[in-house]
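Here is a friendly walk through a few spots in one model. Have a look at the fold, and then read on.

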Amino acid sequence: MISFDEIVSRNTPEDIKYGKIEGIDDLIPMWVADMDFKSPKEVIDSLVSVANNGVFGYSEADSSYDKAVTDWFMKRYGWNVDPDTILKLPGVVLGVSLAIRALTEVNDSILIFEPLYGPIGRSVRGNGRNLVISDLVRNGSRYEIDFDDMERKIIENNVKMFVLCNPHNPVGRVWTREELLKIGDICLKNNVLIVSDEIHADFIYSGKKHIPIASLSDELNKITVTCTSATKTFNIAGIQASNVVISDAGMRRAVDKCSVVTGAYGLNIMGIAATRAAYNYGEEWLDELNKYIESNYELVKSRLAGTKLKVTDEEGTYLIWIDASEVECEDPAKFFLDKAHIRFSEGVFFSKKAKGFIRMNIACPRSVVNEALDRMLKLPEIR
Ligand SMILES: Cc1ncc(COP(=O)(O)O)c(C=O)c1O
């Protein structure tokens with residue numbers, strides 16, 4: 001029996017999410033994007049088995065690993081991937097950064113949609129590229145793409161690469177086939193390469209479907225670098241492993257060379273074991289998890305209805321983007337930390353323009369979500 005209601009202790013000094021804050025001993029951490037659930041039993045068993053063997057040498061994924069990964073892509077997204085086109089790397093942000101370094105030049109322009117998970121824009125800027133932002137448009141409580149703005153900015157700035165996030169962290173959109181095709185057309189027409197960060201691909205609410213943009217056509221497959229990972233899905237982010245699909249051989253060689261030159265390549269022994277076990281045995285667990293997360297989302301939405309906290313309409317991920325700009329305070333994340341001892345991610349991590357927003361991580365037992373909501377609803381400022 002899978003029980004996501006179980007409270008699992010994360011009380012280790014190394015734990016980032018549960019890091020102590022002085023003066024607060026009843027903190028509810030709802031910020032960093034990992035979950036408070038135990039990984040599937042088969043994943044834990046695979047790691048125990050490696051540990052019990054007692055040797056932790058350099059390791060390389062074999063064909064059983066490749067099969068587990070490509071079977072997952074086929075089962076979950078109907079995406080047929082040749083195992084030879086997958087680069088294994090220690091992280092998704094690393095994959096994005098290496099693609100930027102290998103496939104563009106210093107001072108080239110790279111476009112992103114904001115608000116967006118902060119390290120992506122930082123990677124663009126930190127690699128000496130020019131960051132071009134097309135803001136997603138909040139339409140009621142749902143976010144949409146301004147395609148005219150996207151294309152205009154691509155042309156005006158001679159953009160060479162677009163970094164897509166699908167599903168999108170933090171606004172929870174699972175981009176539709178039509179939206180992805182429009183993005184693809186704009187990129188193909190303007191010779192823009194696509195890097196698609198699909199780390200949240202497995203967190204999809206009922207009735208929605210994740211579509212890898214590279215799966216839509218041969219032309220899109222050729223210009224796309226798809227960064228995937230089992231780490232978010234199965235709560236194994238600490239083992240740092242990713243699978244980056246690059247079908248174009250020249251692009252793949254360039255990214256591979258860049259990874260070797262930087263010394264950041266390959267997977268570790270734990271990453272191989274855990275990813276393979278997760279993809280081979282984790283499907284049922286994941287389906288249950290998605291139902292649980294979606295119910296947490298519905299709970300937050302219904303309990304916060306009618307307050308000054310405007311919950312975004314989401315279709316996936318376990319991260320809720322909340323407009324708190326009507327709450328009278330300087331900084332909503334600090335406000336909730338001080339007044340309710342809840343730690344949210346600050347809006348400005350995702351966009352300079354998102355000062356009034358917070359991001360809430362709901363991948364935790366329902367009792368914890370309810371406790372956080374109780375504390376929030378007690379505050380007169382949100383009424
Ligand atoms: C969109 C997105 N990409 C990448 C990452 C981090 O991936 P990794 O730890 O593999 O670099 C996160 C983590 O929150 C994320 O939300």
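## A strand residue and its contacts

In which strand is the place of L193? L193 lies in strand β8 (residues 193–197); strands are DSSP runs of E with at least two residues, helices runs of H or I with at least four, both numbered from the N terminus. The model is predicted, so local features need pLDDT of at least 70 and side-chain atom pairs pLDDT 80 or more, while totals for chains, interfaces and linings use all residues. Residues are numbered from 1 along each chain as its sequence is written, and side-chain values use heavy atoms, leaving out hydrogens and water.

Setting aside neighbours within four places in sequence, L193 is in contact with L103, K160, M161, F162, I223 and M251 (contact means heavy atoms within 4.5 Å). V163 is 30 residues from L193 in sequence, with 8.5 Å between their C-alpha atoms.

## Helices α3 and α4

Helix α3 (residues 92–103) packs with helix α4 (residues 118–126) at an angle of about 25°, their axes 10 Å apart. That makes α3 roughly parallel to α4, a label for angles under 35 degrees. V93, V96, S97 and I100 of α3 meet P119, I120, S123 and V124 of α4.

## Helix α12

Helix α12 (residues 366–377) has 12 residues. Its buried residues are V368, V369, A372, L373, R375, M376 and L377, where buried means under 20% relative accessible area with a 1.4 Å probe, protein chains only. The buried residues of α12 pack against β1 (28–30), α10 (283–304), α11 (332–340), β13 (342–346) and β14 (357–361).

Methods: Axes fitted to C-alpha atoms, helices over the stretch in contact; angles between N-to-C directions. Parallel < 35°, antiparallel > 145°, perpendicular 65-115°, else oblique. Expected span 1.5 Å × (residues − 1). Buried < 20%, exposed > 50% of the residue type's maximum accessible area, 1.4 Å probe, protein only.
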